[in-house]
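The sequence and model come before the notes.

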Amino acid sequence: MSLATDAPVSPALAAYPGVEGRLFRAGGREDLAAYRAAGGYADVADLERLLDEVDEAGVRGRGGAAFPIATKIRTVRGGRGVPVAVANGEEGEPASVKDRWLLRTRPHLVLDGLRLASLMVGADEVHVYVSDPEAAASVTAGLAELRGAGVWDAEVTVTVVEPTYVAGEETAAVQAIDGGPALPTDKPPRPFEAGVRGRPTLVSNVETLAHLPLVQRLGSTGYRGLGTVASPGTFLLTLSGCAATGLYEVPFGVTLTELLTWLGEDPAQVDGVLMGGYFSGVLGRQVLDVPLEYDAVKALHSGLGCGAVGVLAAGTCPVTVSAAVMAYFARENAGQCGSCFNGTAAMSAVLDALRDSRAEAEDVQRLTDWSVRLRGRGACGTLDGATNVAAALLREFPDAVGAHLDGTCATCAAADEQPVPRVPFAVALPTAA
Ligand SMILES: Cc1cc2nc3c(=O)[nH]c(=O)nc-3n(C[C@H](O)[C@H](O)[C@H](O)COP(=O)(O)O)c2cc1C
Ligand code: SF4
């Protein structure tokens with residue numbers, strides 16, 4: 001089980017049956033010639049029409065918040081000053097590899113999306129923001145291929161930062177591009193109001209951008225041929241914690257039971273999941289038959305986030321997992337805001353004590369209070385993620401919490417002192433993917 005080791009697991013790569021010709025492409029890195037031969041970098045006859053198509057296609061942000069990109073483009077271009085466009089490929093989430101895979105393997109799909117977004121928003125300054133050296137090399141090579149090719153002559157700057165959990169937050173990206181540290185800043189202003197060098201800035205996740213050429217090619221109706229009404233299209237799902245650990249392109253609306261069965265996993269052997277990467281905490285077995293789309297997962301008081309799903313295989317203790325994720329937040333928060341620095345440390349101390357059956361009922365009551373009171377504090381959403389982790393455990397697995405208070409957790413007793421990884425559900429791409 002991948003939870004038993006700190007070594008990141010290399011993923012399998014595949015598209016769900018019925019998903020063809022969208023994000024997933026077999027083989028190695030797609031160069032400019034291959035991308036153009038498949039119809040990439042197509043001329044834009046009418047920018048307003050394209051923006052309307054993107055709106056009608058209902059493309060939602062794949063970086064975590066699921067915000068409609070057409071709305072964001074309209075807001076940014078209506079701001080004060082000439083807009084800036086940023087492709088956010090930093091991907092600090094340990095349980096996700098989709099953005100790195102896209103940048104390493106399909107750099108031109110992302111750059112084409114960035115081209116379309118820059119044109120629609122009217123940007124005269126364009127950036128790609130990453131931390132993975134191989135992704136940076138792939139994008140830089142893609143930009144070199146574009147030079148003189150006559151398809152897009154914008155100057156695109158690639159900014160490479162050290163990978164951290166918070167570096168991909170949008171104000172951290174803006175501050176790093178402006179030459180500062182990759183740390184979140186206070187809001188307001190948000191980047192759409194005043195971002196890079198104070199100008200209205202479109203910060204979009206690289207997967208979000210990769211969907212734009214698909215809309216251009218398929219039209220909004222064709223794009224909506226997969227997915228659900230409120231979450232149209234496909235998304236990249238990073239699955240971990242099971243033998244089928246991998247990166248899969250799936251239509252919104254598929255259930256985990258369907259996905260796991262397709263992959264040869266037995267859903268009966270699954271006790272729940274860590275949903276949306278580290279941000280949304282654990283969910284019990286009821287998630288197995290819920291359509292994987294933004295609103296249905298939100299109705300479970302959780303979030304699909306960046307599409308990372310960690311499987312809690314039978315025999316995995318949700319208290320242990322939640323304690324490991326909270327400890328990660330306590331280590332990885334940027335230490336800038338007292339409420340986050342102290343709050344994550346305090347919640348981590350309680351979860352560690354609970355995991356080791358040293359906690360009292362009053363400690364769990366304090367954790368319950370903090371999971372409500374600390375929400376919305378801090379410069380970025382990290383503390384919200386941490387409170388989600390605490391609240392989700394208390395809500396979804398009260399029996400496991402009770403068993404840990406009593407020192408009677410059968411799962412942990414049977415676990416035979418298995419080492420708990422510092423970074424559970426971590427996934428890594430093999431180099432030169
Ligand atoms: C703590 C934190 C970390 C984040 N990390 C990332 C990241 O690594 N990549 C990303 O695209 N968005 C990340 N986001 C979300 C961004 O702030 C921003 O909403 C996103 O890049 C917008 O793109 P989208 O609208 O295409 O989803 C993070 C947010 C928070 C609160
Ligand atoms: S909320 Fe936490 S992670 Fe975010 S900037 Fe403040 S200290 Fe850093």
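How many Å separate the centres of domain 1 and domain 2, taken over C-alpha atoms? I found 34 Å between them. Domain 1 covers 23-223 and domain 2 covers 318-414, with bounds from an automatic or database domain assignment.

I noted the ground rules. This is a predicted model, in which local features need pLDDT of at least 70 and side-chain atom pairs count only at pLDDT 80 or more, while totals for chains, interfaces and linings use all residues. Residues are numbered from 1 along each chain as its sequence is written, and chains are lettered from A and ligands numbered from 1 in the order in which they are written.

Entry on the domain contacts. I looked up residues in contact (C-beta atoms, placed from the backbone, within 7 Å). Eight residues of domain 1 touch seven residues of domain 2 in this sense.

Entry on the overall form. I read 16 helices and ten strands for the chain; these are DSSP runs numbered from the N terminus, helices being H or I of at least four residues and strands E of at least two.

I traced six strands in an open, mixed sheet, ordered β1-β7-β6-β10-β8-β9. Strands pair if DSSP finds at least two bridges between them. β1 (12-15) and β9 (282-284) each have a single partner strand, so they form the edges. I also checked β8 (residues 270-275), which pairs with β9 in the antiparallel sense over three bridges. Gly-272 is opposite Gly-284 in β9. Helix α11 (residues 318-332) packs on the sheet and touches β8, β9 and β10 (308-313). Its direction makes about 160° with that of β9, on axes fitted to C-alpha atoms (for helices over the stretch in contact), with angles from 0 to 180 degrees between N-to-C directions.

Entry on the core. Of its 133 residues, Val-86, Val-110, Ala-117, Val-273 and Met-326 touch the most other members. Helix α11 gives the largest share, ten residues.

Terms used. Contact = placed C-beta atoms within 7 Å. Core = buried A, V, L, I, M, F, W, Y, C linked by C-beta atoms within 7 Å. Buried ≥ 20, exposed ≤ 12 C-beta atoms within 10 Å, placed from the backbone.
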